[in-house]
Amino acid sequence: MIAGKGSSTFKVYNALNLRFNIEMLIVENNPSTKKFLARRAKRLGYFKVFGQVLFQAIAQKILNMTSKKRIAEITEKYGFDSTPPRREKLVEINSINDNASIELLKELNPDIIIVNGTRIIGKNVLENINATFINTHAGITPKYRGCHGGYWSLVNNDIGHCGVTVHLVDKGIDTGEVIYQALIRPEKKDNFITYTYLQLGEGIKIMKNAISDELAGNLRTISPMTNESKLWHHPTIWFYLYNRICKGIK
């Protein structure tokens with residue numbers, strides 16, 4: 001399993017390891033924040049990125065603080081376990097696309113690589129590692145590629161596409177062929193933060209199904225719920241506040 005340093009990584013690892021005995025968890029270090037924001041500003045514009053940073057620094061922090069009870073409820077429902085793995089099962093790398101990472105994967109020679117929250121996996125990795133790369137995406141692809149698919153579907157009054165996808169990894173951004181998709185049903189007490197916990201719980205379920213299919217030699221891809229395709233990004237703080245006040249989307 002290869003993953004970023006997100007809060008979901010150990011939860012996913014522990015849930016899957018109970019059933020499949022994951023050989024190794026490879027965790028990618030976070031990229032430089034300064035360089036990351038500079039690249040994003042080039043694509044989206046400095047004003048928009050400034051609004052995204054304010055949202056993450058202010059609104060997300062407040063939502064995390066006020067959502068502890070609901071997070072605990074969802075954690076209990078799905079049995080999330082955030083315990084770190086044993087040191088011999090954990091390797092840290094700078095980037096999944098480094099030559100050293102490719103050599104490590106070649107040495108491990110896995111049949112399946114589970115992906116969780118890494119940067120975009122490069123062509124050189126996908127073409128040099130003879131394994132099936134399977135990713136969980138917090139959104140219904142291809143309609144809600146990118147970030148926060150659950151939130152954006154609610155903003156668009158599109159509850160029929162508020163969910164999670166397990167898909168094969170290709171060179172695009174969440175464009176790989178779909179294996180399974182599942183919907184979530186947020187309650188009034190849910191918000192931007194807790195949508196992702198619901199997606200995580202349902203995503204782990206369908207990831208287990210995908211791994212079982214691949215191990216049995218009968219993995220199949222399916223037609224997605226919709227063929228509409230769009231890449232979504234973090235909301236700005238003013239966009240979030242507008243939709244919270246005017247639409248009640250928390």
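Author: Helices (H or I, at least four residues) and strands (E, at least two) are DSSP runs, numbered from the N terminus. The model is predicted, with pLDDT of at least 70 needed for local features and 80 or more for side-chain atom pairs, while totals for chains, interfaces and linings use all residues. Residues are numbered from 1 along each chain as its sequence is written, and side-chain values use heavy atoms, without hydrogens or water.

Reader: Which strand or helix gives the most to the lining of the second largest pocket?

Author: Strand β4 does, with three residues. On a 1 Å grid over the protein atoms alone, a pocket is an open set of points with protein on both sides within 12 Å along at least five of seven lines, a cavity is a set where a 1.4 Å probe fits but cannot get out, and lining residues have an atom within 4 Å of a point. This pocket holds about 340 Å³ of space, a volume being the space filled by probe spheres set on the points, which are joined across faces, edges and corners.

Reader: What classes make up the lining of the second largest pocket?

Author: There are 14 nonpolar, two polar and two charged residues. Nonpolar covers Ala, Val, Leu, Ile, Met, Phe, Trp, Tyr, Cys and Pro; charged covers Asp, Glu, Lys and Arg; the others, Gly among them, are polar.

Reader: Which residues line the largest cavity?

Author: They are Val 12, Leu 16, Thr 136, Leu 200, Gly 203, Ile 204 and Met 207. Five are nonpolar, two polar and none charged. The largest share, four residues, comes from α8.

Reader: Why is His 234 called buried?

Author: Buried means under 20% relative accessible area, exposed over 50%, and partly exposed in between, with a 1.4 Å probe and protein chains only. His 234 has 14% relative accessibility and therefore counts as buried. His 234 lies in the loop between β9 (231-232) and α9 (237-247).

Reader: What makes α4 roughly parallel to α8?

Author: Helix α4 (residues 68-78) and helix α8 (residues 192-215) pack at an angle of about 5 degrees, their axes 10 Å apart. Helix α4 therefore counts as roughly parallel to α8. Angles under 35 degrees are roughly parallel, over 145 roughly antiparallel, 65 to 115 roughly perpendicular, and the rest oblique. Axes are lines fitted to C-alpha atoms, for helices over the stretch in contact, and angles run from 0 to 180 degrees between N-to-C directions.
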